[in-house]
Amino acid sequence: MQLMKIHQRDTNRVRLEMKSIRSDVVSSKNSSSTMKLDEWRDPLFVILMLTFLAFWTGGLNVRTYAPRIYTSVGMSDSMAASMTVVLGCIKVISTLVAVIFIDELGRKALLRMGILTAALGSFLLIWIGIINLDGGFGDVLVVIALSLYVIAYQLSFGPCLFTLGAEMF
């Protein structure tokens with residue numbers, strides 16, 4: 001009935017459409033299910049590994065514990081809360097930039113650049129913790145390191161994980 005409406009009551013076009021649908025159904029029944037599983041194995045592995053790495057790198061933890069990280073270098077509670085809001089704004093802006101440029105730059109390039117930059121931000125945070133910087137310079141370095149990490153994460157894992165997952169399947 002709906003095909004009649006779509007094809008404006010042209011019975012020949014409806015018959016051709018129905019024939020095409022039947023042949024597609026028959027051909028899909030004849031294809032082997034193991035072939036489909038083999039086709040899905042590599043993309044599924046890539047997505048699962050990217051998901052594992054996205055959560056293992058601690059992007060959520062950095063944003064959750066940002067106020068505690070800020071106060072650990074001597075910032076006041078109010079300043080740490082303010083900087084956490086700034087960090088959230090940086091996250092939103094970085095995500096928008098990534099969404100705009102993901103097709104131009106490519107997913108692999110964004111992932112590589114983002115992961116390397118996030119690692120740099122992480123190592124900078126570790127270095128600040130090891131040498132125990134407190135006060136002015138330590139505050140600035142912590143803000144730079146956290147901002148660098150969040151920008152890099154949002155340019156890489158943020159949009160690429162979900163975009164690649166949607167495109168692969």
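This is a predicted model: local features need pLDDT of at least 70, side-chain atom pairs count only at pLDDT 80 or more; totals for chains, interfaces and linings use all residues.
Does Gln-154 count as buried or exposed, and at what relative accessibility? Residues are numbered from 1 along each chain as its sequence is written, and side-chain values use heavy atoms, with hydrogens and water left out.

The chain as a whole contains nine helices and zero strands, where helices (H or I, at least four residues) and strands (E, at least two) are DSSP runs numbered from the N terminus. Following the sequence from one end to the other therefore gives the pattern α-α-α-α-α-α-α-α-α. Of the contacts with a separation of 6 or more, 73% are between residues 24 or more positions apart, a contact being heavy atoms within 4.5 Å. The chain exposes about 11300 Å², of which carbon and sulfur atoms supply 68%; such areas come from the Shrake-Rupley method with a 1.4 Å probe, and for residues only the protein chains shown count as cover.

Among the 169 residues of the chain, 30% are buried, a word that stands for under 20% relative accessible area, with exposed meaning over 50% and partly exposed in between (1.4 Å probe, protein chains only). Gln-154, which has its place in helix H8, counts as buried because its relative accessibility is 6%. Leaving aside neighbours within four places in sequence, Gln-154 is in contact with Arg-63, Lys-91, Ser-94, Thr-95, Ala-98 and Pro-159.

Two cysteines can be described in the same terms. Cys-160 is buried, because its relative accessible area is 0%, whereas Cys-89, at 44%, is partly exposed. A disulfide is a covalent bond between the sulfur atoms of two cysteines. A search of the whole structure, however, finds zero disulfides, the criterion being a pair of cysteine sulfur atoms within 2.5 Å.

The largest pocket has a volume of about 160 Å³, and two elements, helix H7 (107-131) and helix H8 (136-155), each give two or more residues to its lining. H7 gives the most, with six residues. The lining of this pocket divides into eight nonpolar, three polar and no charged residues, and it includes Thr-57, Phe-123 and Tyr-153. The terms used here have these cut-offs: on a 1 Å grid over the protein atoms alone, a pocket is an open set of points where a 1.4 Å probe fits, with protein on both sides within 12 Å along at least five of seven lines, and lining residues have an atom within 4 Å of a point. Grid points are joined across faces, edges and corners, and a volume is the space filled by probe spheres set on the points. Ala, Val, Leu, Ile, Met, Phe, Trp, Tyr, Cys and Pro count as nonpolar, Asp, Glu, Lys and Arg as charged, and the others, Gly among them, as polar.
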